[in-house]
Amino acid sequence: MNHKIELWHGSSHIIEKPLFGYGKPYNDYGLGFYCTESRELAKEWACTENQDGYANHYELEAAGLDVMNLSSGGYHVLHWLALLIDNRVFQPTAPIARQGIQYLKEYFLPDISRFDVIVGYRADDSYFSFARAFLNNTISLNQLAQAMRLGKLGEQFVLKSEKAFLQIHFIEYEAADAEVYYVKRKSRDEEARRAYREQAALDDLSGLYLRDIMREGVKADDLRLR
């Protein structure tokens with residue numbers, strides 16, 4: 001990873017000094033400061049339907065930071081899903097989902113305690129619905145992974161440690177117009193859902209479903225996950 005990384009944070013406020021220990025604990029990767037390398041995505045995330053926002057621009061000095069990149073070859077979409085269900089609030093509606101949550105946490109939940117930064121998918125509403133469909137055994141693992149890749153909702157950088165917060169520096173901010181960027185955000189979400197519907201409509205007869213993963217005792221080192 002480059003020593004200096006440009007990051008953006010979308011918010012309804014200008015944030016010149018991100019504070020360690022503040023924020024919502026039930027975000028995708030728990031408590032942290034959530035950023036993106038994309039200015040456009042930050043502007044989309046900053047806006048609600050009726051409220052403009054700001055894209056806060058930073059530089060992160062990454063030297064000496066331990067980074068967990070969930071998009072690298074050492075991790076799988078199931079690691080991302082296990083982290084998501086460990087931090088976000090899921091309301092399982094079927095026994096298979098309740099059992100699946102326990103199984104994924106037991107065998108796929110990575111230890112993030114030693115990492116300063118986490119890089120991974122951002123679970124927007126559409127990605128959250130993909131995860132729920134997989135947990136309900138209605139789409140296969142391959143369909144989940146394909147839908148997420150095609151959805152193009154972007155990756156996020158999450159600062160987790162006090163050390164990481166000391167190494168991020170504010171540069172400037174840019175205003176984000178809700179009339180422009182909320183529309184873009186909705187369009188991106190709709191495109192992700194369209195990609196998901198196309199995947200879900202296919203019959204993945206040979207695919208791995210959650211029930212198969214549990215019944216066959218699939219673990220992170222299983223060759224079928226590569």
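**Exercise 1.** How many residues of the lining of the second largest pocket are nonpolar, how many polar and how many charged?

*Solution.* The model is predicted: local features need pLDDT of at least 70, side-chain atom pairs count only at pLDDT 80 or more, and totals for chains, interfaces and linings use all residues. Residues are numbered from 1 along each chain as its sequence is written, and side-chain values use heavy atoms, with hydrogens and water left out.

Step 1. A pocket is, on a 1 Å grid over the protein atoms alone, an open set of points with protein on both sides within 12 Å along at least five of seven lines; lining residues have an atom within 4 Å of a point. A volume is the space filled by probe spheres set on the points, which are joined across faces, edges and corners.

Step 2. The second largest pocket has a volume of about 360 Å³. Its lining consists of 17 residues, and nearest its centre lie His76, Val77, Ala145, Arg149 and Leu225. Helix H2 (77-87) and helix H5 (141-151) are the elements that give two or more residues to this lining; helices (H or I, at least four residues) and strands (E, at least two) are DSSP runs numbered from the N terminus. H5 supplies the largest share, 4 residues.

Step 3. The lining comprises 9 nonpolar, 5 polar and 3 charged residues. Here Ala, Val, Leu, Ile, Met, Phe, Trp, Tyr, Cys and Pro count as nonpolar, Asp, Glu, Lys and Arg as charged, and the others, Gly among them, as polar.

**Exercise 2.** Which residues are the closest to the centre of the largest pocket?

*Solution.* Step 1. The volume of the largest pocket is about 820 Å³. Of its 30 lining residues, His9, Gly10, Lys24, Asn27 and Tyr34 are the closest to the centre.

Step 1. Two or more residues of the lining come from each of strand S1 (4-11), strand S2 (33-35) and helix H1 (39-46). S1 gives the most, with 3 residues.

Step 2. By class, the lining holds 10 nonpolar, 11 polar and 9 charged residues.

**Exercise 3.** Why is H1 described as largely enclosed by the rest of the structure?

*Solution.* Step 1. Buried means under 20% relative accessible area, exposed over 50%, and partly exposed in between (1.4 Å probe, protein chains only).

Step 1. Because 6 of the 8 residues of H1 are buried, the helix is largely enclosed by the rest of the structure. The buried residues are Leu41, Ala42, Lys43, Glu44, Trp45 and Ala46.

Step 2. Their cover includes S1, S2, strand S3 (53-61), strand S6 (155-159), strand S7 (168-176) and helix H7 (178-200).

**Exercise 4.** Which residues line the largest cavity?

*Solution.* Step 1. A cavity is a set of grid points where a 1.4 Å probe fits but cannot get out.

Step 1. The lining is formed by Phe90, Gln91, Pro92, Thr93, Ala97, Ile101, Arg132, Leu135 and Asn136. Helix H3 (95-108) and helix H4 (125-135) each give two or more of these residues.

**Exercise 5.** How many helices and how many strands has the chain?

*Solution.* Step 1. The chain has 8 helices and 7 strands.

Step 1. Buried residues make up 50% of its 226 residues, and the C-alpha trace spans about 50 × 40 × 30 Å along its principal axes.

Terms used. Contact means heavy atoms within 4.5 Å.
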